[in-house]
Amino acid sequence: MRTLNEDALLAHPPVFLVADGMGGHEAGDVASRLAVEEFARLAGLSAVDPADLHACFRRAAQRIRATFERREGGTTVSGVALGEHEGAAHWLVFNVGDSRVYRWADGELAQLTVDHSVVQELVDSGSLTRAAAERHPERHVLTRALGTGADPEPDYWTLPARPGDRMLVCSDGVSGELAPEEIADVLATSAGSGAAAAELVRRAVGAGGRDNATAVVVDAQVLADGAGGWLAFGAEDADRTWDETVDGATIPRPRSHQEDSR
Ligand code: MG
């Protein structure tokens, strides 16, 4: 139902993210793409740490502010990156705004990020139920975003990465249209990461499609040759091609990495 897609995504190891831009006159489209460009600089590294991610947040915020000056333009950024701690693989989860990261593991869906939104604060304070929040007229009003004034304030979480982990990064066009039970069902039953992402977007559009819908799904697998316990990643973007996502940046599709690593 939207003429412009203000979502953007990055799906290249070791970084996977979704950015949902906001602001009129195509400002959201530009803001989300600027964020993707900055995080794309990490593509190809074997692992990153929180300082690497935070540097991307700062550079992206500077570029967004410089681009729009007094005009309102900003973006959410939510994602997951591969980190390493004492030789073990870790997920570094990061978020500013109300895009989300979920983990499907051991038959359970866990939302790993906490929205930076007015309704989330009302839920946290006990004055609004989770169900009422999903219908609240101000459910799209954010308390934090990237590029909208103050220095970026992303949240970070670290958790061990295990074979079989299936991570979902999505914009609110997915999480706002599909109940957690339906998201869990798709992640449980889709054979491949690309199929899971495509099915989530297809269902979100079918459920109403009132907003741009973007999903990135990442599967963690043990390398067949047992290379030091490291994990291989497979991820495919669902709603557009890679070349369209990152303007001017020549980065191979993640598919080739996936095939190499099997
Ligand atoms: Mg959105």
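Reader: What kinds of residues line the largest pocket, by class?

Author: In this predicted model, the lining has eleven nonpolar, ten polar and 13 charged residues. Nonpolar means Ala, Val, Leu, Ile, Met, Phe, Trp, Tyr, Cys and Pro, charged means Asp, Glu, Lys and Arg, and the others, Gly among them, are polar.

Reader: And which of them lie nearest the centre of the pocket?

Author: Arg139, His140, Asp172, Ser175 and Gly176 lie nearest the centre, out of 34 residues that line the largest pocket. (A pocket is an open set of points on a 1 Å grid where a 1.4 Å probe fits, with protein on both sides within 12 Å along at least five of seven lines; lining residues have an atom within 4 Å of a point.)

Reader: Which elements give two or more residues to the lining?

Author: Three strands do: E2 (15–22), E6 (100–105) and E7 (108–111). The helices are H3 (118–124), H4 (130–133), H5 (172–175) and H6. (DSSP runs: helices H or I, at least four residues; strands E, at least two; numbered from the N terminus.)

Reader: New topic! Where is the cis peptide bond?

Author: Look at Pro13 and Pro14: a cis peptide bond joins them, with omega about 5°. Pro14 sits in the loop between strand E1 (7–12) and E2.

Reader: Nice. What about phi of Asp106?

Author: Phi there is near 55°, which is a positive value in a residue other than glycine. You will find Asp106 in the loop between E6 and E7.

Reader: Back to helices: which residues of H1 meet H2?

Author: Ala27, Val30, Ala31, Leu34, Ala35, Glu37, Glu38 and Phe39 do. On the H2 side, their partners include Leu53, Cys56, Phe57, Arg59 and Ala60. (Contact: heavy atoms within 4.5 Å.) By class, this contact of H1 with H2 divides into twelve nonpolar, one polar and four charged residues.

Reader: And which residues make the contact of H6 with H7?

Author: From H6 come Glu182, Ile183, Asp185, Val186 and Leu187, and from H7 come Ala196, Glu199, Leu200 and Arg203. That contact has five nonpolar, no polar and four charged residues. H6 covers residues 180–189, while H7 covers residues 193–206.

Reader: Anything to know about the numbers and values?

Author: Residues are numbered from 1 along each chain as its sequence is written. Side-chain values use heavy atoms, leaving out hydrogens and water, and local features need pLDDT of at least 70, side-chain atom pairs count only at pLDDT 80 or more, and totals for chains, interfaces and linings use all residues.

Methods:
Axes are lines fitted to C-alpha atoms, for helices over the stretch in contact, and angles run from 0 to 180 degrees between N-to-C directions.
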